[in-house]
Amino acid sequence: MKSKFIGLYLLCTLASCSGVEEKETQFITVENENGPILGYSPKSGVSILNIDGLKFKDLNKNGKLDKYEDWRLSVEERAVDLVTQMNTEQIAGLMLYSRHQTLPSKPVGFGFAEGSYNGKPFQESGAPAWQLTDQQKSFLRDDNVRHILLGAVDSPKTAAKWNNEMQAFVESLPLGIPSNTSSDPRHSGGGNTEFNSGTGGAISLWPDGLGMAATFDPAIVKSFGRIAAREYRALGITTALSPQVDLGTEPRWFRIFMTFGESPELATDMSRAYIDGFQTSEGKDEIKDGWGYQSVNAMVKHWPGGGTVESGRDAHWAFGKFAIYPGKNFETHLKPFTEGAFRLNGKTGTASAVMPYYTISYNQANDGTNYANGFSKYIITDLLREKYGFDGVVCTDWRITADEGEHPDVFMGKPWGVETKTVAERHYIAIMAGVDQFGGNSDMVPLLEAYQMGVQQHGEKFMKEKFRKSAVRLLKNIFRIGLFENPYLDPELSAKIVGNPEFIQAGYEAQLKSIVMLKNKGNVLPIDDKKTVYIPKIYKPSIKDWYGHWTLASYDYPINVERIKKYYHVTEDPAEADFALVFVSSPYRNIDGGGYDSDDRQEGNNGYLPISLQYSPYVAKEAREHSIAAGDPVVDPQIKNRTYKNKSVTVSNTTDLNTILITKKQMGDKPVIVVVNINRPMVFREFEKHVDGIILSFNISEQAIMDVISGKHEPSGLLPLQMPADMITVEKQFEDVPFDMECHTDSEGNTYDFGFGLNWSGRIQDARTERYVIHNK
């Protein structure tokens with residue numbers, strides 16, 4: 001046997017570590033002359049079997065080669081064999097997906113990614129950031145969890161070491177099933193919301209989904225997928241909880257910034273390219289059918305499309321649980337899935353997993369139910385499984401089986417449509433609907449209770465087969481990427497791969513290509529680098545975060561002034577400046593789905609408010625008299641109409657408008673350029689005619705923006721969304737229909753419609769606009 005040591009990690013978690021000094025150990029790799037490299041922990045009890053000159057891991061430690069240990073066999077055959085050796089508890093654990101984990105974990109009681117180390121908070125424990133927490137050991141060992149969601153990490157090396165520690169721990173357990181670690185999108189340069197919870201640590205930085213769409217170039221997205229997959233695998237991440245291919249047809253939806261915009265054709269092509277990039281291994285990295293050691297499973301979301309939430313309210317909260325279809329356009333929202341994610345150009349063929357959204361697709365099920373998508377047999381089995389033939393994993397969005405909060409705006413469980421059921425009953429309903437896996441649940445007890453409900457109603461044989469079918473789907477995603485052969489990483493190599501110069505450069509070039517220039521009056525842009533610039537400070541108000549906590553207000557520069565000084569002289573006196581740069585954000589109100597305030601509810605109203613896309617105060621005179629959907633049988637049963645007609649709201653960053661207008665007065669006839677970091681459509685009529693240039697950025701670096709303003713790079717991005725003329729057109733549009741707003745026309749005569757963008761020569765018209773605007777809009 002030819003073996004070698006390729007990495008170091010700590011393995012005290014294989015036994016009780018309390019009060020025991022950590023000891024370094026090594027994992028071993030074994031080379032097969034005509035097969036894969038095997039990796040195992042010498043302390044896990046796994047040994048190597050020599051058969052016909054080939055080597056195999058004895059994962060169940062029975063001294064013989066089982067089919068699931070035989071890498072020569074098909075993924076299907078191996079998965080079926082392993083499932084026959086698993087008991088109900090082990091399969092139940094496989095059907096769970098952990099809550100968010102961070103490296104290191106937050107203190108217990110923090111409410112998000114919390115954990116302890118030998119009973120102590122990380123800061124008091126003396127533990128390294130990559131050590132397993134007490135909670136992680138428990139759900140891996142006691143609940144048989146093998147799917148983990150990893151958020152922020154303090155470095156790639158930490159992630160690699162934690163991966164080795166975790167994989168050694170589960171390898172020591174019965175059957176030796178490796179863990180499948182996942183991540184939310186973690187490559188956005190500017191986002192730090194839940195959906196970019198992994199931005200900690202060095203990694204290549206790219207535009208967010210909307211920025212990718214602004215390139216109108218699927219080849220860039222495919223390149224991102226390839227690079228991101230390499231970085232994910234170096235971090236020990238083997239499933240991407242992405243792409244988010246919901247059509248952005250409802251302009252007020254705050255999650256629109258992670259979509260590929262509102263065009264079904266563009267989103268479909270981007271979806272296909274993204275997944276091909278993530279899932280495809282080539283050359284020596286390929287095991288079979290495009291899958292291999294550089295593949296990352298793509299969990300496409302959110303079936304059947306989450307972008308039609310009523311009035312823009314998001315389904316993470318009870319106030320936003322309904323997706324509606326006033327334009328009868330349900331089928332269009334399936335296209336990025338059915339024609340993109342499920343019809344790949346690459347050899348893997350289809351996305352390996354699907355995540356339904358929290359929403360209730362209101363009045364769409366032909367069985368008359370109004371369950372959220374994760375509980376709907378019509379949405380999952382009748383449509384996804386039977387009509388469209390998807391046989392991969394279906395994983396719920398996080399915590400749909402948990403109880404909701406006391407009020408509609410409390411961030412807790414999201415059991416929409418089954419609010420009155422018990423936690424175990426919700427699991428059972430989802431299982432019978434066709435779900436394979438439960439996101440954000442590390443406790444197998446309610447799942448086992450659901451199993452017994454099924455046994456009572458359908459018999460043991462029926463439920464056992466149903467569980468086994470889900471287990472086979474889940475295991476196939478682990479087998480085909482090589483984790484059963486070698487789940488271990490070299491931390492030093494991981495540190496070299498993640499965020500290496502080649503990947504950083506590719507991400508930066510994509511950032512440049514995402515930038516959209518909307519206005520360039522008198523060809524004021526680009527601006528010579530010898531000029532002097534004035535940059536006003538921006539007031540950032542105190543706002544509520546996801547969990548209802550208030551942030552601190554601030555008044556400061558919105559950018560790194562020292563970075564600007566590499567391009568221009570900077571002055572604090574507008575009179576001394578040749579031009580001004582005003583950096584603002586698109587209008588927002590708190591960091592949530594918006595459209596509800598419990599204080600309004602307590603004053604005798606229904607609690608529902610408008611979501612505004614303009615800076616100035618807004619009164620919703622043109623809103624619907626009656627909402628299309630309403631009702632919560634637990635926390636708000638008396639509310640039958642969620643209208644907000646004639647109610648007013650002011651966005652949190654309303655002072656951004658005043659900053660723009662005052663800066664123009666201070667500058668007189670000198671140019672004022674507004675740079676908007678845009679997360680969703682906005683109303684430009686409030687300030688557009690007063691400024692000379694408008695640049696849109698999509699959570700990217702300041703350097704990329706400055707390279708365009710200074711002329712080092714010519715803008716080439718195009719609008720992936722319509723920009724409304726006013727809030728009246730926003731209220732009149734249908735949540736499920738693309739391209740149905742009146743768009744803003746500026747002082748230069750340009751209309752800010754889908755596909756519009758300027759370069760130095762004027763309006764861009766090229767092969768991209770020919771394909772996605774002229775023929776498909």
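## Phenylalanine 684 and tyrosine 752

In this predicted model, phenylalanine 684 and tyrosine 752 are both buried. Their ring centres lie 5.5 Å apart and their planes meet at 90°, so the pair is edge-to-face. Phenylalanine 684 belongs to the loop between strand 27 (672-677) and strand 28 (693-697), and tyrosine 752 to the loop between helix 20 (727-732) and strand 29 (758-759), so the pair ties together parts that are 68 residues apart in sequence.

## Other aromatic contacts

A pair of aromatic rings is described by the distance of the centres and the angle of the planes. The count of aromatic pairs comes to 35. One of them is the stacked pair of phenylalanine 27 and tyrosine 488, with 5.0 Å from centre to centre and 15° between the planes. This pair links distant parts of the chain, 461 residues apart: phenylalanine 27 is in strand 2 (residues 24-30), while tyrosine 488 is in the loop between helix 13 (460-479) and helix 14 (491-497). Phenylalanine 27 has 0% relative accessibility and therefore counts as buried. Tyrosine 488 is also buried, with a relative accessible area of 5%.

One aromatic cluster is formed by Trp206, Phe224, Tyr232, Phe260, Tyr274 and Phe278. Two charged residues lie over ring faces. Lysine 414 is placed over tyrosine 358, 5.7 Å from the ring centre. Arginine 480 is placed over tryptophan 291, 4.1 Å from the ring centre.

## An open parallel sheet

Strands of a sheet pair through backbone hydrogen bonds, either parallel or antiparallel. Here, 7 strands form an open sheet with parallel pairing, in the order 7-8-9-10-13-15-17. Strand 7 (100-103) and strand 17 (393-394) stand at the edges with a single partner strand each, so one side of each has no neighbour in the sheet.

Within this sheet, strand 10 (residues 237-240) and strand 13 (residues 297-303) run parallel and are joined by 2 bridges. Threonine 239 has asparagine 297 in strand 13 as its bridge partner.

## Backbone features

A cis peptide bond, with omega about 0°, joins tryptophan 303 and proline 304. Proline 304 is in the loop between strand 13 and strand 14 (322-323). Another cis peptide bond joins leucine 525 and proline 526, and proline 526 is in the loop between strand 19 (516-520) and strand 20 (532-534).

Lysine 328, which is not a glycine, has a positive phi near 50°. This lysine 328 lies in the loop between strand 14 and helix 9 (335-341) and is exposed, with a relative accessible area of 79%. Arginine 399 has a positive phi of about 65°. Arginine 399 is found in the loop between strand 17 and helix 11 (423-433) and is partly exposed, at 29% relative accessible area.

Definitions and conventions: Residues are numbered from 1 along each chain as its sequence is written. This is a predicted model: local features need pLDDT of at least 70, side-chain atom pairs count only at pLDDT 80 or more; totals for chains, interfaces and linings use all residues. Side-chain values use heavy atoms; hydrogens and water are left out. Rings of Phe, Tyr and Trp (its six-membered ring) pair if their centres lie within 6.5 Å; planes under 30 degrees apart count as stacked, over 60 as edge-to-face and the rest as tilted. Helices (H or I, at least four residues) and strands (E, at least two) are DSSP runs, numbered from the N terminus. Buried means under 20% relative accessible area, exposed over 50%, partly exposed in between (1.4 Å probe, protein chains only). A charge sits over a ring if NZ of Lys or CZ of Arg is within 6 Å of the ring centre and within 35 degrees of the ring normal. Two strands pair if DSSP finds at least two bridges between them.
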